[in-house]
Each structure stands twice: as structure tokens, then as C-alpha cells.
Amino acid sequence: MASSTTTTIEDAKRNAANAAVAAHFDLSARYVGIGSGSTITYVVEAIQALSSPRIASINFVPTGYQSRQVILNAGLTDTKFDSLPPNTLIDVAFDGADEVDEDLNCIKGGGACLYQEKLVATHAKKFVCVADHRKLQPRLLTKWPSVPIEVEPLAARAVLAALEALGSEKPQIRAHSMQKAGPVKTDQDNFIIDAPFKTLLLPKDISKSNSLHPAHEGVQGEGEDGVWEVEKLAREIKGIEGVLSVGLFCGMNGEEVLAKGGKKGGQKPVAAYFGMEDGSVVVRRKGEGETKVGV
């Protein structure tokens, strides 16, 4: 039974990757970001399946050691982030997520590649999220238990105390499954703290005129009784000394930043693709709700 469940999830990931690549991979691209996690393996497979000689001239930018190995094993050209020419944006970045809400805010960092994932996403013209149906949720921290935070090891205990002051219940430094191996370390030799919070609100949840959420009337999402709005919590955590990166990808997407004259990308995906149990793919886009393809 366990094998059948695994196969279903893997098929869902593959379906989402195929749909995302078909819609967003451009053979004229110079730089393509490749994220971390099992879903991204299927993104690379979908790119290979295009069988175009043009792919050999595209530079693929990884978000960490694991994704670099996926790129190299596929015979694609690997380009480290710090090798990008000055003022160059990645044409499109594909990456997964631990959870995605209705407004396309994401939780990322479950695989401990947080800082590099955010570097690539925020230096891409557009970030496209690829996941399976378990990650499709109405609000962040609905199913996923905590916010990953990359911290400088020396500051870890001070950051834990600051997170508790913000309302996190029992934040912890992520440890290896073998206890004697010590804390998990990122590619930058930093620690990851997993900080549980109550389910995160969207701006529409804290609008006094929103009759759909009467329980939130008057709540500003600024930590009252441990209740936070996504972007407000992200700013508070990022302001803690010793925090390198916060696993909340929120704010504007790359296309919105560039439309306003910005020189970089954004944290949010322009679209998120979720492989469903029935074999279809649900696509979530800002302002367009959800559409289903491939039924």
C-alpha cells in the first residue's frame, strides 16, 4: 500500500513539472534557475524531453549542492549564482514549496537550501512553483508545521528567544535524524530553525469589512495572541539579528517588481502548479484563482 501511495505522489509531481515546463520554459532563455527537492528532478526531465539542441547553450543555475548534481547528471550546463554577469536576471526559476496559500505566498526551506533558493527566486524575472496536491492549502501553516529560518550558528540561541517573544511555540534548531550528528547545516554552514506559529493570515483576513472572517475582525495580524499576517511576520523575523533568510516567500512576484521599475525579481511565484490525485494539474495564478488542466 505504501508503494502505491508513493507512486501516486511521484506521478503527481511529474504531471505538475510537465505542465509548468510546457507553459514557462523558453528555449531562447540564457539562464534558468533549478531549485531543490524531489519535484525538481521531474522539471529537469521535462526539459530534457524537449530534445532541442538549443538546451545545450542554456545556463542552469542551481539553488544548492543537490540541485547542482541533478543539473550535472542530466548533462546540462551548470552555472553558479555568483558567476552570473553583473545586473543579469535569470529568465525563469523553477522550484518547489512546502506549502502555498491562496495568494501564492510560499513556505520553503524544508530541504535546508533556504538562502540559495531565495537568492535565485529574487534574481529571476519569474519564479514558477511546482508541487503536488499536499502543498495546495488556503493559508500557510495549515498543514506544514513551522517556518524554516536560516541563522548564523553563533546567534541561534538568541534567535530562538526572539522567536518565542514573537509567539512561536517551541522553535527548534533542526537536527539530523541521527542525534549524535548534531544540527543540520546548510550549504553556507548555517543552522536551520523551525519555528511553529499559528496559521498565517492574508490581508483580506484582517480587513474589518471582510464579513467572511468575522473572527478576525479588529485583528491586525501583528502578533496579537500569536496571530500574524504573512508579510508582517516575515519582516519581524528578518529583523532579528543573526537571521540570514526567512522561509516565507511573500510580497511581489518578479513580473510585478519589474513592472514597477525594479532591478531584481520577487519572492512569490507568478504561478504554482500542483499535481492532483486524479492525474490533473491545478494551476494557481494571482488574481485568476485556480484552473485545472489535463483531466
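## Close-up views of loops, sheets and a helix

**View 1. D91 lies in the loop between β3 (77-78) and β4 (92-95).** This is a predicted model: local features need pLDDT of at least 70, side-chain atom pairs count only at pLDDT 80 or more, and totals for chains, interfaces and linings use all residues. Residues are numbered from 1 along each chain as its sequence is written, and side-chain values use heavy atoms, with hydrogens and water left out. Helices (H or I, at least four residues) and strands (E, at least two) are DSSP runs, numbered from the N terminus. The D91 side chain reaches the backbone nitrogen of R30 at 2.8 Å. This is a polar contact: a pair of N or O atoms within 3.5 Å, where within protein one must be able to donate a hydrogen and the other to accept it, and residues adjacent in sequence count only if both atoms are side-chain atoms. Leaving aside residues up to four places away in sequence, D91 touches A29, R30, Y31, K125 and K126. Touching, or contact, means heavy atoms within 4.5 Å.

**View 2. N87 is found in the loop between β3 and β4.** N87 is not a glycine, yet its phi is positive, about 60 degrees. Most residues other than glycine have a negative phi. N87 is exposed, with a relative accessible area of 84%. Exposed means over 50% relative accessible area, buried under 20%, and partly exposed in between (1.4 Å probe, protein chains only).

**View 3. Strands β5, β6 and β14 form an open sheet.** The order is β5-β6-β14, and the pairing is antiparallel. Two strands pair if DSSP finds at least two bridges between them. β5 (99-100) and β14 (248-249) stand at the edges, each with a single partner strand, so one side of each has no neighbour in the sheet. β5 is joined to β6 (residues 106-107) by 2 bridges. V100 stands opposite C106 in β6. The loop between β5 and β6 holds L104. L104 is not a glycine but has a positive phi of about 70 degrees. L104 is buried, with a relative accessible area of 1%.

**View 4. The charged ends of K108 and K118 sit over the ring of F249.** A charge counts as over a ring if NZ of Lys or CZ of Arg is within 6 Å of the ring centre and within 35 degrees of the ring normal. For K108 the distance to the centre is 5.5 Å. For K118 it is 4.6 Å.

**View 5. β16 pairs with β15 and with β17.** β15 (residues 271-275) and β16 are antiparallel, over 5 bridges. A272 has R284 of β16 as its bridge partner. This hairpin has 5 residues between its strands, and G279 in the turn has a positive phi of about 95 degrees. β16 and β17 (residues 289-293) are also antiparallel, over 5 bridges. Here R284 is partnered by E290. This hairpin has 3 residues between the strands, and G287 takes a positive phi near 75 degrees. In β16 (residues 281-285), 4 of the 5 residues are buried, so the strand is largely enclosed by the rest of the structure.

**View 6. Helix α3 (residues 65-73) has buried residues S67, V70 and I71.** They cover an arc of only 100 degrees around the axis, which puts them on the same side of α3. The arc is that of the directions from the helix axis to the C-beta atoms. Their cover includes β1 (31-34), α2 (38-48), β2 (59-62) and β3. Exposed Y65 and N73 are on the face turned away from the buried side. G75 follows α3, with a positive phi near 75 degrees.
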